[in-house]
Amino acid sequence: MTLSSKLPIPEAALLEQYGEEARLCPCDNDQIRLVFSQAHPFDLVELEQLLEAVGWSRRPVRRVRKALNHSLVTVGLWRHDPRIPRLVGFARCTGDGILEATVWDVAVHPLYQGNGLGRSLMTYVLDVLATMGTERVSLFADPGVVSFYQRQGWDLEPQGHRCAFWYAS
Ligand SMILES: CC(C)(COP(=O)(O)OP(=O)(O)OC[C@H]1O[C@@H](n2cnc3c(N)ncnc32)[C@H](O)[C@@H]1OP(=O)(O)O)[C@@H](O)C(=O)NCCC(=O)NCCS
């Protein structure tokens with residue numbers, strides 16, 4: 001199944017490095033290229049460093065590896081380098097991908113925040129889930145981040161609190 005994404009498709013060399021479903025993340029700085037990938041492997045220490053940089057506690061690498069292996073979708077946002085790309089954003093989803101999926105661990109590195117990357121990350125994640133045919137997507141927002149999702153069209157439930165749902169139709 002080919003990803004039908006709203007985001008730009010990169011050139012062949014990047015598709016080779018990051019996988020056929022890689023997409024470019026729009027970015028104001030034309031000195032750097034940012035790429036969403038489901039295929040580029042993670043260095044789990046680098047991933048935990050990213051999540052630590054946004055203020056979350058470290059988790060044992062072995063357990064994180066298992067969690068990633070059991071995830072429905074894992075998305076890395078990479079600052080492109082032909083040799084050593086840097087992980088600057090991340091999100092993953094669990095679920096069946098048909099009736100339900102839940103988004104977890106949405107993070108953009110603090111140095112890259114405030115430039116629309118988080119919004120593009122959610123666009124990419126929802127594009128992937130829509131391509132799978134997922135009917136309903138949920139997530140549990142941290143208290144300070146609820147409006148980040150709300151502005152992108154997520155419905156808050158129940159009664160406008162922390163649980164947000166995205167309905168495909
Ligand atoms: C939340 C996060 C992913 C947003 O990434 P980002 O790249 O800074 O977000 P963007 O620049 O794409 O912002 C998109 C919009 O959301 C708003 N926004 C960004 N962070 C926000 C926050 N924490 N709370 C509310 N709104 C926020 C922006 O102002 C922007 O608004 P606009 O549409 O009016 O321009 C990032 O700040 C992050 O990693 N935070 C720490 C981890 C975290 O809390 N993750 C979410 C767990 S539920």
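## Close-up views of a predicted single-chain model

**View 1. The whole chain and its secondary structure.** The chain has five helices and eight strands, where helices (H or I, at least four residues) and strands (E, at least two) are DSSP runs numbered from the N terminus. This is a predicted model, in which local features need pLDDT of at least 70 and side-chain atom pairs count only at pLDDT 80 or more, while totals for chains, interfaces and linings use all residues. Residues are numbered from 1 along each chain as its sequence is written. Read from the N terminus on, the elements follow the order α-β-β-α-α-β-β-β-α-β-α-β-β. The radius of gyration of the chain is 15 Å, close to the 15 Å that the globule rule gives for 169 residues, so the chain is as compact as a globular protein of that length; the radius is taken over C-alpha atoms, and the rule is 2.2 Å times the number of residues to the power 0.38. The C-alpha trace spans about 45 × 35 × 30 Å along its principal axes.

View 2. Eight strands form an open sheet in the order E1-E2-E3-E4-E5-E6-E8-E7, with mixed pairing, two strands being paired if DSSP finds at least two bridges between them. Strand E1 (23-24) and strand E7 (155-157) stand at the edges with a single partner strand each, so one side of each is left without a neighbour in the sheet. E1 pairs with E2 in the antiparallel sense over two bridges, and Arg-23 has Phe-36 in E2 as its bridge partner.

**View 3. Two hairpins that share strand E4.** E3 and E4 pair in the antiparallel sense over seven bridges, forming a hairpin with six residues between them, and Thr-74 stands opposite Arg-92 in E4. E4 is also joined to E5 by six bridges, the two strands running antiparallel, with Ala-101 in E5 as the bridge partner of Gly-95. This second hairpin has four residues between its strands, and Gly-97 in the turn has a positive phi of about 75°.

**View 4. The largest nonpolar core.** The largest nonpolar core has 36 residues, and those with the most contacts inside it are Leu-34, Val-35, Leu-77, Leu-121 and Val-125. Such a core is a set of buried Ala, Val, Leu, Ile, Met, Phe, Trp, Tyr and Cys residues joined through C-beta atoms within 7 Å; a residue is buried if 20 or more other C-beta atoms, placed from the backbone, lie within 10 Å of its own. H4 gives the most to this core, with eight residues. Val-125 is in contact (C-beta atoms, placed from the backbone, within 7 Å) with Val-73, Val-75, Ala-91, Cys-93 and Val-103, leaving aside its neighbours within four places in sequence.

**View 5. The surroundings of Ala-164.** Ala-164 lies in strand E8 and counts as buried because it has 23 C-beta neighbours inside 10 Å. Not counting residues up to four places away in sequence, Ala-164 touches Ser-138, Leu-139, Ala-141, Tyr-149, Trp-154, Asp-155 and Leu-156.

**View 6. The shell around the ligand.** The ligand is surrounded by 18 residues, of which the closest are Val-54, Gln-113, Gly-118, Arg-119 and Phe-148; a residue is near a molecule if its C-beta atom, placed from the backbone, lies within 6 Å of it. Strand E5 (100-108), helix H4 (117-132) and helix H5 (146-150) are the elements that give two or more residues to this shell.

Notes. Buried ≥ 20, exposed ≤ 12 C-beta atoms within 10 Å, placed from the backbone. Contact = placed C-beta atoms within 7 Å.
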